[in-house]
Every structure is written in structure tokens, then in C-alpha cells.
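Welcome! Please take a look at the sequence and the 3D structure below, and then let us walk through some of the places worth a visit.

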Amino acid sequence: MTATDFDKLAKIYDAERVSPWNDLYERPNTIKLMGDVNGLTVLDAGCGGGKHSADLLAKGANMHGFDLCEKMLDFAKEMLADQMDFKVASLAEKLPYEDAQFDRVLCALALHYVEDWSTPLSEFHRVLKPGGKVVISTHHPFMDHELAGGEDYFAHTLIEDSWKKPDGTLYVRYWRRPLTQMIDEIKAVGLEIDLIKEPQPVPEAAEKFPEAYKKLTTQPRFIFFLLKKPN
Ligand SMILES: C[S@@+](CC[C@H](N)C(=O)[O-])C[C@H]1O[C@@H](n2cnc3c(N)ncnc32)[C@H](O)[C@@H]1O
């Protein structure tokens, strides 16, 4: 997808709306995996509207963020421009940061838009200090396998999907790869895998969004990685 495609996402983005998938499942779990970030320098890669950055700033991190889509960045800037630095940049290209600039990199729900993970993963490795960590959340390969018709789990395929949102339907395209390919791509750039998680939503989702809660507690939705750059 291009920056213009993400402009359409920005059009229906509503920072105030609570989403069971994002606010009660994905974000709490990635923030937990980030651990203690107090005083650490953290890059939010594909930061979108900046909600993860806001949580990490509240935990004492020095935040930097980038996104391909300027309209999504506008939401993040509106909330946080006086507290952190934002850039327009692409995960598919060399990043505008120094070698070994960061203690942590977070990439939440953005990597499945990128066909070839070798550039973003080797860039995360480059901009991290030795011993630094990366947290990634992305579509679970099993969920997308079903969406793609369940034919060839091991294929690396482009999926076209539509998301029904309260303000309209959004047509999206993203890449599905099997877990084994994700692991190979991570190891190929020299990052070590500390954890692979299939976590649960937070308990309050049960009461507020019973249908989504049932889905999230019985079917894999996203997959989460904690990676480390060796010392
Ligand atoms: C589903 S949103 C996630 C935003 C944020 N990380 C979150 O979880 O709230 C996906 C984001 O990835 C960004 N994105 C997609 N492809 C990108 C690329 N090649 N480089 C940088 N950002 C990209 C989009 O603009 C969008 O803001």
C-alpha cells in the first residue's frame, strides 16, 4: 500500500474510539513486552496516530517516531509534537537515524504492509545499540491463512481485504507469510528471538466487547515478537 492508501485510513481514524483489537489487546500486550523503558531512547516505527508513543512517554521513554503517511502523523503530532520527534520515512528504505541510536524499537501492526522484511529488520538492527531490543506485533499467519482461503499456508501472498468501520469500509492490502519465513527473516539479519507470544486481550474487554473478546480468546489474531540485538 502507498502513503495515499494510508491517507484513507487516516480519514476514518478516530483517536477517541476504543477498539477491542487495538486498545484492549494489541497495545497493552506490546507495551508489556517493551518492559521498563524509563530513561531509554525508543523508536516507534510506523507509529501511526501515536498511541503507543503516548504510553511509552508516560513510562519515561525518550521517544522518536516515523510513519509513511503524513496524515496519520498529523494525529500523532497533534497529541505529542511538543514531547517527541516525528519523521516521514518508510520501513522499506534506509531509516533517517544514526547507527546504535536506540535502546528499543517498537513496530506495531505495520510490518505486514511490507513485502520484503530484510530492509526494515536490518535497519532495526543497525539503529539499535548492542543488547537493544525490538518488539514487533503483526498479523498472525494463521488468521491470514484462513482469510486467504486456506490453500497454501507456506505461500508468501498479497491479501486484499476490507475492514468495516463505523464511518465506512476500508479496502486494504497486506502481505501474509508463514511463521517459518518470519523466523528466517529475523535470524537472517542477526537478531535473536527472545519470545514469540500469542497473548490474550485484557480482562475488561470481556464486558465491553463480548463478541470480540470471544474471538480474541479462541482464535489467533496477531503475533508478537521480542527480539534482541546481541551484545
Ligand atoms: C494499522 S496502522 C498501525 C499504527 C500504529 N503503529 C498503531 O499500532 O496504532 C499501520 C501504520 O503503518 C504505516 N505504514 C504502512 N506501511 C509503511 C511503511 N512502508 N513505512 C512506514 N510506515 C508504514 C501506516 O501509515 C499506518 O500508520
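## The largest cavity

By class, the residues that line the largest cavity are 4 nonpolar, 3 polar and 3 charged. Keep in mind as you read that this is a predicted model. The lining is made up of His-112, Trp-117, Thr-138, His-139, Pro-141, Asp-144, Trp-175, Arg-176, Arg-177 and Met-182. Strand E5 (128-139), helix H6 (141-147) and strand E7 each supply at least two residues of that lining.

How much space lies in the largest cavity? It holds about 40 Å³. The count of cavities of 30 Å³ or more comes to 1.

## The second largest pocket

Next comes an open site. The second largest pocket has a volume of about 180 Å³. Of the 12 residues that line this pocket, Lys-8, Thr-169, Leu-170, Tyr-171 and Val-172 are the closest to its centre.

Which element gives the most to the lining of the second largest pocket? That is E7, with 6 residues. Helix H1 (3-12), strand E6 (157-165) and strand E7 (168-176) each supply at least two residues here. E7 also supplies at least two residues to the lining of the largest cavity, so you will meet this strand at both sites if you follow it through the model. By class, the lining of the second largest pocket divides into 5 nonpolar, 2 polar and 5 charged residues.

## Around the ligand

Now turn to the ligand. There are 16 residues around it, and Gly-46, His-52, Asp-67, Leu-91 and Ala-108 come nearest. The shell around the ligand divides into 11 nonpolar, 4 polar and 1 charged residues.

## Two residues with positive phi

Ala-100 has a positive phi of about 50°, although it is not a glycine. You can find Ala-100 in the loop between strand E3 (85-88) and strand E4 (102-108). Leu-109 is not a glycine either, and it has a positive phi of about 55°. Leu-109 sits in the loop between E4 and helix H5 (118-127).

Is Leu-109 buried or exposed? Leu-109 counts as buried because its relative accessible area is 17%, under the 20% cut-off. Ala-100 has a relative accessibility of 35%, so Ala-100 counts as partly exposed, a class that lies between 20% and 50%.

## A loop between E6 and E7

The last stop is Pro-166, in the loop between E6 and E7. With a relative accessible area of 64%, Pro-166 is exposed, because exposed means over 50%.

How far apart in space are Pro-166 and Ile-12? From C-alpha to C-alpha the distance is 8.4 Å, while 154 residues separate Pro-166 and Ile-12 in sequence.

How values were computed: Residues numbered from 1 in each chain as written. Predicted model: local features only at pLDDT ≥ 70, side-chain atom pairs only at ≥ 80, totals over all residues. Heavy atoms only, no water. 1 Å grid on protein atoms, 1.4 Å probe; cavity = no way out; pocket = protein on both sides within 12 Å on 5 of 7 lines; lining within 4 Å. Points joined across faces, edges and corners; volume = space filled by probe spheres on them. Helix = DSSP H or I, 4+ residues; strand = E, 2+ residues; numbered from the N terminus. Nonpolar A, V, L, I, M, F, W, Y, C, P; charged D, E, K, R; others polar. Near = heavy atom within 4 Å. Buried < 20%, exposed > 50% of the residue type's maximum accessible area, 1.4 Å probe, protein only.
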